[in-house]
Amino acid sequence: MSEELVPHPKESLPGPRASPREVWKKGGRLLSVLLAVNVLLLASTLISGGAFNKVAVYDTDVFALLTTMMLLAVLWIVFYLLRTARCRDAVPYRDAHAGPIWLRGGLVLFGICTLVMDVFKTGYYSSFFECQSAIKILHPIIQAVFVIVQTYFLWVSAKDCIHTHLDLTRCGLMFTLTTNLAIWMAAVVDESVHQAHSYSGSHGNTSHTRLAPDPERAGGTAGGDPCPCSTAICQIFQQGYFYLYPFNIEYSLFASTMLYVMWKNVGRLLASTHGHGHTPSRVSLFRETFFAGPILGLLLFVAGLAVFILYEVQVSGERSHTQQGLVTYYSFNIVCLGLMTLVSLSGSIIYRFDRRAMDHHKNPTRTLDVALLMGAALGQYAISYYSIVAVVVGSPRDLLGALNLSHALLMIAQHTFQNVFIIESLHRGPPGAEPCEMPPKEPCQGITFANLDAIHTLPSCPPTPRLVSPNPESPQEAVAIISAPRCHWRRRCLKDISLFLLLCNVILWIMPAFGARPHFSNTVEVDFYGYSLWAAIVNICLPFGIFYRMHAVSSLLEVYVLS
């Protein structure tokens, strides 16, 4: 595993490619953070202000700002790629833990879906281009270019520890990260006010938000509107890009996490990776498992899809059907969350018997993973506690209220135990770091031989001892450690647990990401807090809960590989 070197102040790292340490690394980081904070505050002010009719900030202003930020980020990325291509000593080290293949694969997947969304938005705004601002058509085109350039950049450079133009690189990475966060905020606000418009329309209320399908934003269907979206193809584009918003949201968050790791790795000094650490295992599903975890996970995944479709159909119908849909939705989630809680707890118990050493080496990627898991879980924690208060204090107390309360309590427990399991898994050493427990009467237990021929002189020793070489480049110093066969059952159990939790997190991501909103269909919280306050709580916290599920999937895949 890669380790950071801490050289003596009077010494320099060996090799012609090692660059001198910075005089004050925190100063460069502080400069880039201040730049990011100011740009992010400006973007958040315009985005939030542009969502309301009473504020004299229009969506064209927001689009102009986002387009400018994306163009600047693209120019910096091109400059970075050209600079690193010309200078061989620009990237002397690469962090093996940064940008794992499943994270980059998810980035590509969400990037492709974002490109489809940009096509839909371009087609939608082009349907009435004669009465629209040119920036509305230009924005999705520039965003598509930004997604393509950034995805290529992160695919090839996510592991870079760059050592040239350190302050400029930090500022560029932070500015690109801020651009992704601004895009994320714009997508969340647009999706939230679209949902608020739908709720207000179904309840006959007037909304004070300037919504995406509203005449003042993008051309709506109201009578007398100079920019009506009256054609069938226009309405298909309009509905299509709203369904693709979850992918755009996840893409921005995935890119932000990878850019943050790159920012942390600027100027980082690493030891040579040759002969150190461990080689990541190949990702092979269902390998060395008991099949119970993947099979049960697939069953819950299929059942969840059926419940989600049934919920969407019933909620859009009569009130009695809505009640049935909510009961079905909550019942499935209670069963799924309960099983996930028990399985996560079982995994933590198994680790009590795991003799692998804890890995305490400095690792920005793992530190960020832990911070994101803990931070993103706060969103779902907040929603659950608000629901608990509304159900316990409010009235009436019926079946739906009991299911809602159970769902909220299990959501808290599941996030807690799953975080404990994932975080402990990420801090474990590689497989084989410690031998399994030995039979108590094994005469050769713990004996270490410097002479390999001595192994065969002991008749009571196992016939096929395991040879452990701490340094494969020096076979003359190899040491044979006599041990019993490895305890495969623990590793198989952990793989089953990780695959089961992975599949469950996927279905629990699909449901809220594609429109399942029991928070509004169930009127307990709406009646208790009022629609405005409850909508603000859900629209702020739920995107973090959705991101938590997707980030948990990537972390559990890493747990599966390392088990």
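Student: Is Ala-64 buried, partly exposed or exposed in this structure?

Tutor: In this predicted model, Ala-64 sits in helix H2, which covers residues 59–86. Its relative accessibility is 31%, and the partly exposed class lies between the buried limit of under 20% and the exposed limit of over 50%. Ala-64 therefore counts as partly exposed.

Student: How far apart in space are Ala-64 and Lys-136, C-alpha to C-alpha?

Tutor: Along the sequence, Ala-64 and Lys-136 are 72 residues apart. In space, the separation of Ala-64 and Lys-136 from C-alpha to C-alpha is 8.5 Å.

Student: What share of the contacts in the chain with a separation of 6 or more comes from residues 24 or more positions apart?

Tutor: The chain has 563 residues, 52% of which count as buried, and its secondary structure comes to 15 helices and five strands. Among the contacts with a separation of 6 or more, the share from residues 24 or more positions apart is 86%.

Student: Why are Asp-167 and Arg-170 separated by about one helical turn?

Tutor: Both residues belong to helix H5, which runs over residues 166–202. Asp-167 and Arg-170 are about one helical turn apart because their spacing in that helix is three residues.

Student: Which residue has a relative accessible area of 0% and is buried?

Tutor: Asp-167 has a relative accessibility of 37%, so this residue counts as partly exposed. Buried means under 20% relative accessible area, and the residue with a value of 0% is Arg-170.

Student: How much space lies in the largest cavity?

Tutor: Rolling a probe the size of a water molecule over the atoms shows where empty space is left. The structure holds seven cavities of 30 Å³ or more, and the space in the largest cavity is about 260 Å³.

Student: Which residues lie nearest the centre of the largest cavity?

Tutor: The lining of the largest cavity has 13 nonpolar, nine polar and two charged residues. Helices that each supply at least two residues of this lining include H9 (319–351), H10 (364–393) and H11 (399–426). Of the 24 lining residues, those nearest the centre are Tyr-329, Gln-380, His-407, Met-411 and His-519.

How values were computed. Residues numbered from 1 in each chain as written. Predicted model: local features only at pLDDT ≥ 70, side-chain atom pairs only at ≥ 80, totals over all residues. Heavy atoms only, no water. Helix = DSSP H or I, 4+ residues; strand = E, 2+ residues; numbered from the N terminus. Buried < 20%, exposed > 50% of the residue type's maximum accessible area, 1.4 Å probe, protein only. 1 Å grid on protein atoms, 1.4 Å probe; cavity = no way out; pocket = protein on both sides within 12 Å on 5 of 7 lines; lining within 4 Å. Points joined across faces, edges and corners; volume = space filled by probe spheres on them. Nonpolar A, V, L, I, M, F, W, Y, C, P; charged D, E, K, R; others polar. Contact = heavy atoms within 4.5 Å.
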